[in-house]
Amino acid sequence: MNLTPLDGNTDFWNDFAPWYEKWIRRGEYHRLIVNEISHMIEPGWEVLDIGAGTGALSIPLSSLGCNVRALESFKGMRDILNNKIESLNIRNIHVYSESWDNMPVHSVQGLDLVIACNSLHLYIGGLLQGMTRVFETMANYICLVTEVNQGISIDFKEIDKLQVNYSFLYIKNLALNCSFYFESMNEVRELEALLNHKINTTIEDGRLVQKDTTDVAVLWWEKRL
């Protein structure tokens, strides 16, 4: 999402959580990501979702039969996710409050998949250190989903060099609609106050929208036997 900063402190992400939920609920950003992931997973997989947010991936993965450990350090995001889990009577998602840079890797063994979607750059050490720890989980599969045009310099070959136990499977590039749909100008003004900058909106099919697109890379690794 190009509206938000690349870092942001805990207070910001807690305050932004309701807006993040509105963004994923009203938009279509994660639809193609979920579709791409669904081609690879199998029911019964044990999955760790790093930076689960309000459940944009955890909930679809659970509906596909995976047992999901949703790791989300920001309370605002976590509260919304827990409320959704309760209201939908979901039994196969367990939410953890640890930050990935503090969570002992040995505590998340026996995984079929570790997935990190637009989250590792927020942690101490950034994407490279975050992925180093991901590879240390020795999960059967690793999936990294990251935006590639927000001013983050990403060398995917350098990421692959962080490990010796995995075979790189493939990279898929997706052009995604990351527009933010609003219900009123009052919402626009409220979000402008939180972000401290102006949001340019237009009308599309009768809906008030901040039009935006982004490019996302989806990368997969498989543990060598």
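Rings of Phe, Tyr and Trp (its six-membered ring) form a pair if their centres lie within 6.5 Å. The exercises below use a predicted model.

**Exercise 1.** Find which residues are linked into a cluster by ring pairs.

*Solution.* Apply the pair criterion to ring centres, with the cut-off of 6.5 Å. A search of the whole structure gives 13 aromatic pairs. Ring pairs join Phe12, Trp13, Phe16 and Phe74 into a cluster.

**Exercise 2.** Classify the aromatic pair of Trp45 and Tyr141, and locate both residues.

*Solution.* A pair of aromatic rings is described by the distance of the centres and the angle of the planes.
1. The rings of Trp45 and Tyr141 are 5.2 Å apart, centre to centre, and their planes make an angle of 20 degrees.
2. Planes under 30 degrees apart count as stacked, and the pair of Trp45 and Tyr141 is stacked.
3. Trp45 sits in the loop between helix H2 (29-38) and strand E1 (46-50), while Tyr141 belongs to strand E5 (residues 141-147).
4. Trp45 and Tyr141 are both buried.

**Exercise 3.** Do the corresponding analysis for Phe135 and Tyr166.

*Solution.* 
1. The centres of the two rings, Phe135 and Tyr166, lie 5.4 Å apart, with 50 degrees between the planes.
2. Stacked requires under 30 degrees and edge-to-face over 60; the pair of Phe135 and Tyr166 is tilted.
3. Phe135 is in helix H5 (residues 126-136) and Tyr166 is in strand E6 (residues 166-177), so the pair ties together parts 31 residues apart in sequence.
4. Phe135 and Tyr166 are both buried.

**Exercise 4.** Is Glu36 buried or exposed, and which residues does Glu36 contact beyond its neighbours within four places in sequence?

*Solution.* 
1. Glu36 is found in helix H2.
2. The relative accessible area of Glu36 is 8%. Buried means under 20%, so Glu36 is buried.
3. With neighbours within four places in sequence left aside, the contacts of Glu36 are Tyr170, Lys172 and Val218.

**Exercise 5.** Describe the overall fold and judge how compact the protein is.

*Solution.* 
1. Count the elements: the protein contains seven helices and ten strands.
2. Its radius of gyration is 17 Å, close to the 17 Å from the globule rule for 225 residues, so the protein is as compact as a globular protein of that length.
3. Of the 225 residues, 50% count as buried.
4. Among contacts with a separation of 6 or more, 74% are between residues 24 or more positions apart.

Conventions: Residues numbered from 1 in each chain as written. Predicted model: local features only at pLDDT ≥ 70, side-chain atom pairs only at ≥ 80, totals over all residues. Heavy atoms only, no water. Helix = DSSP H or I, 4+ residues; strand = E, 2+ residues; numbered from the N terminus. Rg over C-alpha atoms; globule rule 2.2 N^0.38 Å. Buried < 20%, exposed > 50% of the residue type's maximum accessible area, 1.4 Å probe, protein only. Contact = heavy atoms within 4.5 Å.
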